[in-house]
Amino acid sequence: MIKNNETHVLITGFGGQGIIMAGDILGRAATLYDRKFATMTQAYGPEARGSACSAQVIISKEEILFPYVKEPQVLICLSQEGYSRNVRNLNSRGILIWDTDLVQTKKPDLSWKTYHIPATRFAEELGNKMMANIVMLGFLAAVYDLVSIQAMREAVLASVPEPTRETNTQAFERGLEYGKAILKSRAKKDIVGD
């Protein structure tokens, strides 16, 4: 059972995409920069690279007693397998985010908020598809107020190797700007619809 003050996040994909790193960065943003509590657990398939993996992150303003995510409130999918295995566990009124180039979704539950981004394509345009995880973190920071944008930005910079900081910053900002544009577009539709 999810405590009211906790947010449970499940990031899924396959080995080599930086899924665990994304979970670690999210946890760092929460604890080191936003002064919240966080836990992270990880799961790998039998082989590390290329097989299913996930990062389970819980963020709270209070101490967290149980570190495992069973019914995520936020599900981020960077692989078809990760989506197929986990979408049925997404909390009602949850948030589903997926990479449009890697995941094909079925008709979502109408109670969910859904977002999608071509994270891998954006990362490839910046010169390295391995930065799709950072693009996705920028997008998450824009569309959902889980940790502050500045905390996420600082956690990214503190977590990536120094020679890649500039390109990872570009990847984060690309996801952030795309997320802000999506929210702005949805807000306009809501106003027009009234």
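## Salt bridges and surroundings in a predicted model

R153 and E173 pair up in a salt bridge, with 2.7 Å between the closest N and O atoms. R153 belongs to helix α5 (residues 149-159) and E173 to helix α6 (residues 165-193), so this pair ties together parts that lie 20 residues apart in sequence. At 22% relative accessibility R153 counts as partly exposed, and E173, at 23%, is partly exposed too. Keep in mind while looking around that this is a predicted model.

What lets such residues pair up? Side chains of opposite charge can do so when their charged atoms come close. The count for this structure comes to four salt bridges. Besides the pair above, here are two more to look up.

D101 and R121 have side chains that meet in a salt bridge, 2.8 Å from N to O. D101 sits in the loop between β5 (95-99) and β6 (113-117), while R121 is part of helix α3 (residues 119-125), so here a loop and a helix are tied together across 20 residues of sequence. D101 has a relative accessible area of 37%, which makes it partly exposed. R121 is partly exposed as well, at 39%.

E81 and R85 form a salt bridge whose closest N and O atoms are 2.9 Å apart. E81 is partly exposed at 39% relative accessible area, and R85 is partly exposed at 48%.

| Salt bridge | Closest N to O distance |
|---|---|
| R153 and E173 | 2.7 Å |
| E81 and R85 | 2.9 Å |

Now for a histidine. Is H8 buried or exposed? H8 is buried: its relative accessible area is 5%, and the cut-off for buried is under 20%. You'll find H8 in strand β1 (residues 6-14). Its side chain makes a polar contact of 2.9 Å with the side chain of E6.

F66 is located in the loop between β3 (52-60) and β4 (74-77). With 47% relative accessibility, F66 counts as partly exposed.

Zooming out, the protein chain has six helices and six strands. Reading from the N terminus, the elements go β-α-β-β-β-α-β-β-α-α-α-α. The radius of gyration is 16 Å, close to the 16 Å that the globule rule gives for 194 residues, so the chain is as compact as a globular protein of that length. The C-alpha trace spans about 50 × 40 × 35 Å along its principal axes.

How much of the chain is tucked away? Of its 194 residues, 47% count as buried. The accessible surface comes to about 10200 Å², and carbon and sulfur atoms account for 51% of that. As for contacts in the chain with a separation of 6 or more, 58% are between residues 24 or more positions apart.

Note on methods:
Residues are numbered from 1 along each chain as its sequence is written. This is a predicted model: local features need pLDDT of at least 70, side-chain atom pairs count only at pLDDT 80 or more; totals for chains, interfaces and linings use all residues. Side-chain values use heavy atoms; hydrogens and water are left out. Buried means under 20% relative accessible area, exposed over 50%, partly exposed in between (1.4 Å probe, protein chains only). Helices (H or I, at least four residues) and strands (E, at least two) are DSSP runs, numbered from the N terminus. A polar contact is a pair of N or O atoms within 3.5 Å; within protein, one must be able to donate a hydrogen and the other to accept it, and residues adjacent in sequence count only if both atoms are side-chain atoms. The radius of gyration is taken over C-alpha atoms; the globule rule is 2.2 Å times the number of residues to the power 0.38. Contact means heavy atoms within 4.5 Å. Accessible areas come from the Shrake-Rupley method with a 1.4 Å probe; for residues, only the protein chains shown count as cover.
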